[in-house]
Amino acid sequence: MELLEVLGYISALVIGITLGLIGGGGSILAVPVLAYLFLIEEKTATAYSLFIVGFSALVGGVKQHLRGYVDWRTAIVFGIPALLGVTTVRKYIIPILPDVLFSVGDFDFTRRMGMFGLFALLMIPAGISMLKPKKQNESNLKQVQYNYPLILIEGIIVGAITGLIGAGGGFLIIPALVLLANVEMKTAVGTSLIIIAVKSLFGFFLGDAFTINIDWGFLTSFTVISFIGIFIGNTLSKFIDGQKLKKAFGYFIFIMAFFIFYMEFVLK
């Protein structure tokens, strides 16, 4: 096994530990780990990330459900358009994207640049969300109200973005649930995990499973190692201040975003 692969599997464990410690965010590292340590091309890397993100979110979502922090009606209302968005992109859009999207003189803007450039851009608000202080618990008695037209639009957009970059988009979903459905913050976090799990896994199985060759042995190994990391992280969370770690991880996401920009737009 080469050094990069060893680092890749260690990173899979770190992704899980991060998820276990701070409750989210770690899976955003799946795409860069797959692309730069395992040297997997962009279509497959984003597909594998959907699988990893989906199962990781499912573990977290079940945990939040047992605590009573999942609003299943809201998950369905928001999740259906998100599911349509991610499945459409993975099944119909990604397969027809050309290797070179457009050219300006001698400069070729490739599909990889587009997908990873968008991914790096969206890592910035994801990092900012990690730096925000934890809000105080709000009353869970307020009535949930749905702005259906905006939820439909937001769900499709979030699903499409997930399909393009292979990340869950919790930093987009949570504010949408709070603002568009009047969901209490803790419930929004738990509900978002269920939405991420469903749209990511359905996007993978309905889209990528039919359009690309899946290395199931590798994908299963990576996901299992991440799961082991989640349980390690859950144990460590009893002894480590998750909020301080969350802030540090937010800065690390910024570093990774600039690294991706450098690798895709400067180095090449």
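Mentor: In helix 6, the buried residues are Ile151, Gly155, Val158, Gly159, Ile161, Thr162, Gly163 and Ile165. Keep in mind that this is a predicted model.

Trainee: How should I read the spacing of such a list?

Mentor: An α-helix has 3.6 residues a turn, so residues three or four places apart point the same way. Here Ile151, Gly155, Val158 and Thr162 are among the buried residues of helix 6.

Trainee: What covers the buried residues of helix 6?

Mentor: The cover includes helix 2 (30–36), helix 3, helix 4, helix 5, helix 7 (170–181) and helix 8.

Trainee: How many residues does helix 6 have, and how far does it reach?

Mentor: Helix 6 covers residues 148–165, which is 18 residues, and spans 26 Å from first C-alpha to last, close to the 26 Å expected at 1.5 Å a residue. Just after helix 6 comes glycine 166, with a positive phi of about 75 degrees.

Trainee: Now the charged side chains. How many salt bridges are there?

Mentor: Side chains of opposite charge can pair when their charged atoms come close. The cut-off is a side-chain nitrogen of Lys or Arg within 4 Å of a carboxyl oxygen of Asp or Glu. The count is 5 salt bridges. One of them joins arginine 111 to glutamate 42, with the closest N and O atoms 2.8 Å apart. Arginine 111 is in helix 5 (residues 111–131) and glutamate 42 in helix 3 (residues 42–66), so this pair links distant parts of the chain, 69 residues apart.

Trainee: Is arginine 111 buried or exposed?

Mentor: Arginine 111 counts as buried because its relative accessibility is 8%, and buried means under 20%. Glutamate 42 is also at 8% and counts as buried.

Trainee: Which parts of the chain does the salt bridge of aspartate 208 and arginine 90 tie together?

Mentor: The side chains of aspartate 208 and arginine 90 meet at 2.8 Å, N to O. Aspartate 208 sits in the loop between helix 8 (185–206) and helix 9 (216–236), and arginine 90 in helix 4 (residues 72–93), so the pair ties together parts 118 residues apart in sequence. Aspartate 208 is buried at 2%, and arginine 90 is buried at 0%.

Trainee: And glutamate 264 with arginine 112?

Mentor: Their side chains form a salt bridge at 2.9 Å, N to O. Glutamate 264 is in helix 10 (residues 242–266) and arginine 112 in helix 5, so parts 152 residues apart in sequence are tied together. Glutamate 264 counts as buried at 0%, as does arginine 112 at 16%. A network of salt bridges links Glu42, Asp99, Arg111, Arg112 and Glu264.

Trainee: At what angle do helix 3 and helix 5 pack?

Mentor: The angle is about 35 degrees, and the axes are 10 Å apart. Helix 3 contributes Glu42, Lys43 and Thr46 to the contact, and helix 5 contributes Arg111, Arg112, Met115 and Phe116. By class, that contact has 2 nonpolar, 1 polar and 4 charged residues.

Trainee: Last, the strands. How do strand 1 and strand 2 run?

Mentor: Strand 1 is joined to strand 2 (residues 107–110) by 4 bridges, and the two run antiparallel. They form a hairpin with 2 residues between them, and glycine 105 in the turn has a positive phi of about 65 degrees. Valine 104 of strand 1 (residues 100–104) stands opposite phenylalanine 107 in strand 2. Valine 104 counts as exposed because its relative accessibility is 54%.

Notes: Residues numbered from 1 in each chain as written. Predicted model: local features only at pLDDT ≥ 70, side-chain atom pairs only at ≥ 80, totals over all residues. Heavy atoms only, no water. Buried < 20%, exposed > 50% of the residue type's maximum accessible area, 1.4 Å probe, protein only. Axes fitted to C-alpha atoms, helices over the stretch in contact; angles between N-to-C directions. Contact = heavy atoms within 4.5 Å. Nonpolar A, V, L, I, M, F, W, Y, C, P; charged D, E, K, R; others polar. Pairing = 2+ DSSP bridges. Expected span 1.5 Å × (residues − 1).
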